[in-house]
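Notebook open, viewer open. I want to jot down what I look up here, one entry at a time.

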Amino acid sequence: MTVQPAFKSTDPITLHPTIFIILGITGDLASRKLLPALLELFSKKLLPPQFSIVGFSRRSFSREEFRDLIREHLNVRPGQFREEDIKHFLDHMTYEQGLFNDPAAYTRLHLQLQSIDDRWGRCSNKIFHLSVPPNLYEGILTHLSNSRLTEPCDDKTGWTRILIEKPFGNDIHTARSLDKMLGKLFDEKQIFRIDHYLAKEALQNILAFRFSNPMFEPIWNKDHIDRIHIKLYESNGVGDRGEFYDSIGALKDVGQNHILAILTLIAMNDPGSLGADAIRKERAKILNNLKMIPPRKVRLDVVKGQYVGYTSEKGVKPLSTTETYFRIKAYISGSKWNGVPFYLESGKALAESKAEIDVYFKKVKKAHWNSSSNNFDVPNILTFRIQPDEGIKIKFNVKTPGYGFDVEPKTLKFKYSDVSSFHDAIPNDYERLLRDAFAGDQTLFASTEEIIASWKFITPILDNWSELPLVRYEKGTKEIG
Ligand code: BG6
């Protein structure tokens, strides 16, 4: 496997001692995503040489108990890491017990960070990750600010960054107030808003594919593309996240963020550079150009559904009308995409788990060809498979061999799994995101402009949500009405 060096050795800031503080380290997100990704980076020697993780949470543990808990949470498969690496990784961790609403706990945390800095003899960089439910963000951010924990020493000798997870707010109003609060405490350069879909390898590949293959870009517009269908299907139900999920539903869970992130990469203009600012700006333009769906059209252009059995899931209210499925027909204004429908669709408990994008090109006008073949107007479809089984597929027509002039559709496929050097090199989403947060690269993180623009599109739909009928579908359904 080829491992890319994470930091340029000449870059004094990223090689600088760094502390990663996980607020809510005993939670699900830390154990499923953060800690395994940090261990992976550590084992690949992609973390700064002086590095420490400080966990903060409500529960009280002895040092040994904490170590055992983290080891268990890492959920390491036999042979996945060298035992020595796991031990060293655990040696870099310490714990501070405290209640999220207790100012004294933040003072203790401050002292703990200070003692690490004293040991290293430097003011270290600090990354704070809020691994807590969003309703705790405001309180935690206020305490972090009051305790001056997030104040950098200065730009050169120790920066501070904050990593937060979606959902960023609950609608345009709460998103704005969260943003305002973040803006008071941090500069935009310090805020890393995680939408882990942006870090998916096959999704980033869309930009590489579009802008490095000149054969597609000239026809990437309304004159040649008929429609685009973005799908994020999951075969699982809500599992043990019932209570949380029931309070937000599919549209806020994946629509406002992951699905719109995919849309931006499919639809955006050439950013002209690979810099974070240029790419984020182009993504934001697409979101800003999404046409708001007026109330009278919501019923026509939006479908919402709920799988049968959802209301019996643990944590879900028995009479819940929360959607587990949605499909939206969206349009982007401007000369490039005017009139092209973008179908945005996602659901739980569907027939299969897959994330993919189908780009349907316009059909040929059969009359031009004077052919009796029924297949002459089968459209070309370009499919980007994001997961599982990452790849690209192109459906095109070929002449059926023989004396006639019939055509039939065939498919060209490229799969990452067919190229071992590709398949093995796909970084896990969180690994990629954390590495970029250490390095200060914000390309794969959502900007404030993107967040606000996405809520501007989603909020009017939500305002009319209760007007929409809730389609009940059986688990394992392939297509929903
Ligand atoms: C999360 C949602 O953000 O993304 C989950 O909260 C969803 O409901 C998940 O299952 C999908 O992510 P992935 O990477 O598993 O496709």
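Predicted model: local features only at pLDDT ≥ 70, side-chain atom pairs only at ≥ 80, totals over all residues.

**Helix 6.** At 1.5 Å a residue, its 14 residues should span 20 Å, and the end C-alpha atoms are 20 Å apart, so the two agree.

Next I looked up which residues of helix 6 are buried. They are Ile172, Ala175, Leu178, Asp179, Met181 and Leu182. What covers them? I found that the cover includes helix 5 (137-146) and strand 5 (160-165), along with strand 6 (191-194) and helix 14 (448-463).

I also checked the start of helix 6: there a side-chain oxygen of aspartate 171 comes to within 3.0 Å of the backbone nitrogen of histidine 173.

**Disulfide.** I went through the cysteines and got a count of one disulfide. It joins cysteine 123 to cysteine 153, with S to S at 1.5 Å. The partners are 30 residues apart and link distant parts of the chain. Cysteine 123 sits in the loop between helix 4 (103-120) and strand 4 (125-130), while cysteine 153 sits in the loop between helix 5 and strand 5.

Which hand does this disulfide have? The torsion about the S-S bond of cysteine 123 and cysteine 153 is about 70°, so I noted it as right-handed.

I moved on to strand 12 (residues 381-387) and strand 13 (residues 391-399), which run antiparallel and are joined by five bridges. They form a hairpin with three residues between them. In the turn I picked out aspartate 389, which has a positive phi of about 60°.

On its other pairing, strand 13 meets strand 14 (residues 407-415) in the antiparallel sense, over nine bridges. I followed glycine 391 through both pairings: it is the bridge partner of arginine 385, and it stands opposite lysine 415 in strand 14.

**Ligand.** Last entry: which residues are around the ligand? I listed Lys166, His196, Tyr197, Lys200, Glu234, Arg241, Asp253, His258, Lys348 and Gln387.

Tyrosine 197 has a polar side-chain atom 2.5 Å from an oxygen atom of the ligand. For lysine 200, I read 2.7 Å from a polar side-chain atom to a ligand oxygen. Histidine 258 has a side-chain N or O atom 2.7 Å from an oxygen atom of the ligand.

Notes
Residues numbered from 1 in each chain as written. Heavy atoms only, no water. Helix = DSSP H or I, 4+ residues; strand = E, 2+ residues; numbered from the N terminus. Expected span 1.5 Å × (residues − 1). Buried < 20%, exposed > 50% of the residue type's maximum accessible area, 1.4 Å probe, protein only. Contact = heavy atoms within 4.5 Å. Polar contact = N/O pair within 3.5 Å; in protein donor to acceptor, adjacent residues only side chain to side chain. Disulfide = S-S within 2.5 Å. Pairing = 2+ DSSP bridges. Near = heavy atom within 4 Å.
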